[in-house]
Amino acid sequence: MNLRRDVFQAIADPTRRAILILVATQAMTAGAIASNFDTARPTVSKHLQILTECELLEQEQNGREIYYHLNPEKFREIAEFIEPFRQMWDDRFNKLESIMEKYKPKK
């Protein structure tokens, strides 16, 4: 049985979000990523494993080093899922703002 991790559970963790921010602009090795955290390297490796299993990160072998980089296609899928909710909340906030403007005290 092949269980897949939930991408939203993966990004719920602040350390994993920080890792994603680190590799957003450039590919990095596990050691380079781990050097940015005050946790044990195996802990960072576990976070990398989870992010890779969720397909948020991809691995690329370069000689003896493995570099981690973002998988933009997975982020596109997440953005497409979230977009209708963002639009819904934008509409609600706009309606609230217009109601508040209507009852705003005159100067």
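Predicted model: local features only at pLDDT ≥ 70, side-chain atom pairs only at ≥ 80, totals over all residues.
I started with lysine 74, which counts as buried at 11% relative accessibility (buried is under 20% relative accessible area, exposed over 50%, partly exposed in between, with a 1.4 Å probe and protein chains only). Residues are numbered from 1 along each chain as its sequence is written, and side-chain values use heavy atoms, with hydrogens and water left out.

**Entry: the partner of lysine 74**

I looked up salt bridges next (a side-chain nitrogen of Lys or Arg within 4 Å of a carboxyl oxygen of Asp or Glu). The structure holds five of them. In one, lysine 74 pairs with glutamate 55, and the closest N and O atoms are 3.9 Å apart. This pair links distant parts of the chain, 19 residues apart: lysine 74 sits in helix 5, glutamate 55 in the loop between helix 4 and strand 2 (57-62). Helices (H or I, at least four residues) and strands (E, at least two) are DSSP runs, numbered from the N terminus. Glutamate 55 is partly exposed, at 34% relative accessibility. I also found Glu77 joined to Glu55 and Lys74 in a network of salt bridges.

**Entry: along helix 5**

I followed helix 5 over residues 72-102. Its 31 residues reach 43 Å from first C-alpha to last, close to the 45 Å expected at 1.5 Å a residue (the expected span is 1.5 Å times one less than the number of residues). Where does the kink in helix 5 lie? I found it at isoleucine 82, about 35 degrees, shortly before proline 84; the bend is the angle between axes fitted to the seven residues ending there and the seven starting there.

Arginine 86, partly exposed at 40%, has two partners. It meets glutamate 83 at 2.6 Å, N to O, and aspartate 90 at 2.4 Å. Glutamate 83 is three residues away, about one helical turn; aspartate 90 is four residues away, also about one helical turn.

**Entry: the core**

I then turned to the largest nonpolar core, which has 19 residues; Ile19, Ile33, Val44, Leu48, Leu51, Leu56 and Leu57 touch the most other members. Such a core is a set of buried Ala, Val, Leu, Ile, Met, Phe, Trp, Tyr and Cys residues joined through side-chain atoms within 4.5 Å. Helix 4 gives the most to this core, with four residues.
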